[in-house]
Amino acid sequence: MTRIQELFNELRANGRKAFMPFITAGDPDLAFTQDLLQTLADAGSSLIEVGVPYSDPIADGPVIQASYTRTLQRGTRSADVLQCLGAIAPRLRTPLVLMVSYAIVYRRGLQDFVRQAKQAGVAGLIVPDLPFEEAGALRGECASHGIDWIPLITPTTPRQRTIEIAEVAQGFLYYVSVAGITGERRELPKELVDNLAWLRTQTALPVCVGFGISRPEHVRLLAPVVDGLIVGSAIVRQVATVGEKPRPQVLREIREYVSGLMAAIASAK
Amino acid sequence: MATLASYPDASGRFGRFGGRYVPETLVRALDELDCQYASALADPEFAVTLSALYRDYVGRPSPLYFAERLTAFCGGAKLFFKREDLNHTGAHKINNSLGQALLTVRMGKRRVIAETGAGQHGVATATACARFGLECVVYMGEEDMRRQRPNVLNMRLLGAQVVPVASGSKTLRDAINEAMRDWMSSVEFSHYCLGSVTGPHPFPRIVRDFQSVIGKETRQQCLELFQRLPDLIVACVGGGSNAAGMFYPFIEDESVKLVGVEAGGRSPRIGDHASTLSFGQPGILHGTYSYVLQDEDGQTADVHSVSAGLDYPGVGPEHSLWKETGRVSYTNVSDRQALDAFQSVARLEGILPALESSHAVSKAMELASQRSAEEIIVVCLSGRGDKDAQEVARILELND
């Protein structure tokens, strides 16, 4: 059993939901990323999703895109990210999920990338620009290295295709709440709860929802119909205030924000 | 062994290149486009409508013109221009935009998104949208808006919304990123009218097919004029749409040598040029597997060209196949050489060629001078240079 499977088994046994923050690796630098990972783990995050900066992230909105640009300009590359994760992962009890563009994985070589990710302590892999038809080889590498292959399902994914994707997924299913890019939304689509409820009748895998989620009311709405919630841009936006504010203050504010969301998850029925 | 003309295969591959590397959100729209395109191909009405538009609206067939004084200047093979610059809106881009506008109407979508570099695809798409009553949004890098100002104004006059893109290099690549982001959020009612033979399947095939009118006409015109095929065809390659449209109908004619010309920019150093096939390697960019200019981490490299339409770090996957099979030779021409060719064509032929096309002309002039007078070289004059006049004048320090 993988670490992610163990985690969700334990959460389900206790009637709890996962909280999964997303951060951009190397934003504003890798030292801060280590502190932030520790903070998010200490705050009780179930998993942490770490974005590897990429020059042309077409699925990302302005907040995450800008964070990628900032750290790439400072010279951060995927090898630095994996080295940073490798240094801190053994100290974290929280499993790490890597979000990385296929351009980067392909350039390194599928086998080498997955092997190095495994060595860095990565438990799951999300490649947002690799549809499942094209993903066979990379899924194979993940399987042989014990990394969970986590695909995305979106509101535009037909139901039959959703079932096919769910059949090859591992760890959990990442349901994208909106047809669109990452970023905070005031309101979520009306049909979202129904779609999630349907999805959970089709798979034994845990279902987590992300994109657009930033507010306690989102969390209270969705927590009852999912196994976990992913929050990205709202955290990355707070990281962007490093420089205006002292680092410990930014970490403290993120911790408070995250604790608020986790309280909302715990209180949701 | 599949013939070169038979690509792409059912999975959208040109040999090992092509495919579909996009977020899941776009997969259904690409499937739908693939289906609708297949049904359009099977519908004789579609072809009839499109050819009537090509004839009456674009002004096709575009002439095959003997560049007599340029030929004399080079002192070798005869140089002919395929005059795509004479098309309505001034470039080959309209061939594709009209075809995709018809597809948009067929799909029942009401809004069209486009990216543009030099502005030619933006103008062509704004034009086609006006003609069919579709809403049009064009993404354009801020740097390109500066150097192709006349086209920005044209798009706005045609009723399109031009959205400046300030991220990254502020050029074509970033405009494509923004167009794709828009499409991710509006896919239910918008069509993305991609302007080149790049991007995820089925775009490379659709755009090539719509542009193939260039090569088909050239073939027929050569047979009528010379009773034979040309010896050599030269076209510029950014994303590669005019070259793909010109080359594809000749791809099985082994006697015809095909040369693609990329932007050599300032120097062969990474960041100073846009010669993807000459200096890049296979990788992923904008939804397709093809040659790409990137660093060792897979991060897309910055590129440079005097010509906004060639200023792109990727290239269509079919060109990658043609490169690897050796069917097409790819080479490059510097900013300076392209500017020289621009001036030669202006002064000797009374034609202002687009800076993109000037790259092809430059290479054709060089090849003509090495060949005998019996040989025939066709250059795809993909667009006119009115849009470049100010920028060329600035670079050449011409004063009013």
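In this predicted model, 36 residues of chain A are in contact with 35 residues of chain B, where contact means heavy atoms within 4.5 Å. Local features need pLDDT of at least 70 and side-chain atom pairs count only at pLDDT 80 or more, while totals for chains, interfaces and linings use all residues. Residues are numbered from 1 along each chain as its sequence is written, chains are lettered from A and ligands numbered from 1 in the order in which they are written, and side-chain values use heavy atoms, with hydrogens and water left out.

**Where the two chains meet**

Let's start at the interface. About 2,900 Å² is buried between chain A and chain B, and carbon and sulfur atoms give 49% of that; buried area is the accessible area (1.4 Å probe) that two parts lose on being put together, summed over both. On the chain A side, Ile58(A), Arg107(A) and Thr156(A) lose the most area to chain B, together 25% of what that side buries.

Polar contacts join 23 residue pairs between chain A and chain B, both residues being at pLDDT 80 or more. A polar contact is a pair of N or O atoms within 3.5 Å; within protein, one must be able to donate a hydrogen and the other to accept it, and residues adjacent in sequence count only if both atoms are side-chain atoms. Among the elements that give two or more residues to the chain A side are α3 (62–73), α4 (78–88) and α8 (159–168) of chain A. Helix α5(A) gives the most, with 6 residues. Helices (H or I, at least four residues) and strands (E, at least two) are DSSP runs, numbered from the N terminus.

**Salt bridges**

Side chains of opposite charge can pair when their charged atoms come close. A salt bridge is a side-chain nitrogen of Lys or Arg within 4 Å of a carboxyl oxygen of Asp or Glu. The whole structure has 44 salt bridges over all chains, and 5 are counted between chain A and chain B. Here are two examples:

| Salt bridge | N to O distance |
|---|---|
| Asp297(B) with Arg108(A) | 4.0 Å |
| Arg16(B) with Glu324(B) | 2.6 Å |

Arg16(B) sits in the loop between β1 (13–14) and β2 (17–18) of chain B and Glu324(B) in helix α13 (residues 317–325) of chain B, so this pair ties together parts that are 308 residues apart in sequence.

**The sheet in chain A**

Chain A has an open sheet of 9 strands in the order β5-β4-β3-β2-β1-β9-β8-β7-β6, with parallel pairing. Two strands pair if DSSP finds at least two bridges between them. At the edges are β5 (148–149) and β6 of chain A, each pairing on one side only. Strands β1 (residues 18–24) and β2 (residues 48–51) of chain A are joined by 3 bridges, and Thr24(A) has Gly51(A) in β2(A) as its bridge partner. Helix α3(A) packs on the sheet, touching β1 and β2 of chain A, at about 45 degrees to β1(A). Axes are lines fitted to C-alpha atoms, for helices over the stretch in contact, and angles run from 0 to 180 degrees between N-to-C directions.

**The sheet in chain B**

In chain B, 4 strands form an open sheet in the order β7-β6-β5-β8, paired in parallel. Strands β7 (161–165) and β8 (190–192) of chain B are at the edges, each with a single partner strand, so one side of each is left without a neighbour in the sheet. From one strand to the next, the twist averages 25 degrees. Helix α4 (residues 93–107) of chain B lies across β5 and β8 of chain B, at about 150 degrees to β8(B).
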